[in-house]
Amino acid sequence: AMLQALDEIEGGYKSITDKRPFDLETFVISDSILVALSTGGQSNEGKGRGTLFFAVFCAELMTHLFQKGLPTRGAIASGDFIARSKNNRVTLAGQPIVDAHELASSLELAGCAIVPSSEAEALFGSAREFAQLYQTPIKNSPACELHLLRYCFRNFDEENSISRKKIIECFEAHKKGLNPNSLGKLNNTIH
């Protein structure tokens, strides 16, 4: 289901990336998806369009996975990194990848947070419109204010609206059931 959802979102954005110089790549590692965008050497206008595209892509992917019953945790970080696939070998390295992984792993809700030290870069220009400051529950720590990407729910009728019932169905999908650990994330996602 995760790969199908990723293929569907990537397919929808293919026409955009073919027309613009966005170097967006996705990497799937086990049950994780790394989305990488290089904005190096771009003008402020190009960087603004790139970060907006990245934010929209990530928000749409997170929403699409959620609708398929795969509530996800994620994080966005900026900085120097290496993300490439060559000769059947994937190389991922850099502090932003570590920072994003650590923050995503600490979230006690389904959502995508912006690493605080990366807010200026990750929320550059219009990309800020796709984020919301939220009192975010964190594992083994007090909640803290973080920018979270907004879910992109559109064209929903009453049957498909995002309600507590729908969120519970997403968390229970794929025969994982609700346990005390996921129940906390579910309740935090609803609020």
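These legends accompany close-up views of a predicted model.

**View 1. His-147 and its polar partner.** His-147 lies in strand E8, which covers residues 141–149. Its relative accessible area is 12%, so His-147 counts as buried, the cut-off being under 20%. The side chain of His-147 makes a polar contact with the side chain of Glu-119. The distance for this pair of side chains, His-147 and Glu-119, is 3.1 Å.

**View 2. Residues around His-147.** Residues up to four places away in sequence are left out of this list. His-147 touches Cys-112, Ala-113 and Ile-114, among others. Its contacts also include Glu-119, Leu-123 and Arg-128. Ala-131, Gln-132 and Leu-133 are touched by His-147 as well.

**View 3. Ile-114 in strand E6.** Strand E6 spans residues 111–114 and holds Ile-114. Ile-114 has 0% relative accessibility, so it is buried. Beyond residues up to four places away in sequence, Ile-114 touches Ile-76, Leu-103, Glu-119, Ala-122 and Leu-123, among others. Leu-146, His-147 and Leu-149 are also among its contacts. Ala-100 sits 14 residues from Ile-114 along the chain. The C-alpha atoms of Ile-114 and Ala-100 are separated by 8.0 Å.

**View 4. The salt bridge between Glu-8 and Lys-68.** The structure holds one salt bridge. Glu-8 pairs with Lys-68, and their closest N and O atoms are 3.5 Å apart. The pair links distant parts of the chain, 60 residues apart. Glu-8 belongs to helix H1, residues 2–19. Lys-68 is in the loop between helix H2 (44–67) and strand E3 (73–76). Glu-8 has a relative accessible area of 34%, so it counts as partly exposed. Lys-68 is also partly exposed, at 29% relative accessibility.

**View 5. Helix H2 and the residue that follows.** H2 has 24 residues. From its first C-alpha to its last, H2 reaches 34 Å. That is close to the 34 Å expected at 1.5 Å a residue. Because 19 of its 24 residues are buried, H2 is largely enclosed by the rest of the structure. Just after H2, Gly-69 takes a positive phi of about 85°. Lys-68, the salt-bridge partner of Glu-8, is in the loop between H2 and E3.

Terms used. Residues numbered from 1 in each chain as written. Predicted model: local features only at pLDDT ≥ 70, side-chain atom pairs only at ≥ 80, totals over all residues. Heavy atoms only, no water. Helix = DSSP H or I, 4+ residues; strand = E, 2+ residues; numbered from the N terminus. Buried < 20%, exposed > 50% of the residue type's maximum accessible area, 1.4 Å probe, protein only. Polar contact = N/O pair within 3.5 Å; in protein donor to acceptor, adjacent residues only side chain to side chain. Contact = heavy atoms within 4.5 Å. Salt bridge = Lys/Arg side-chain N within 4 Å of Asp/Glu carboxyl O. Expected span 1.5 Å × (residues − 1).
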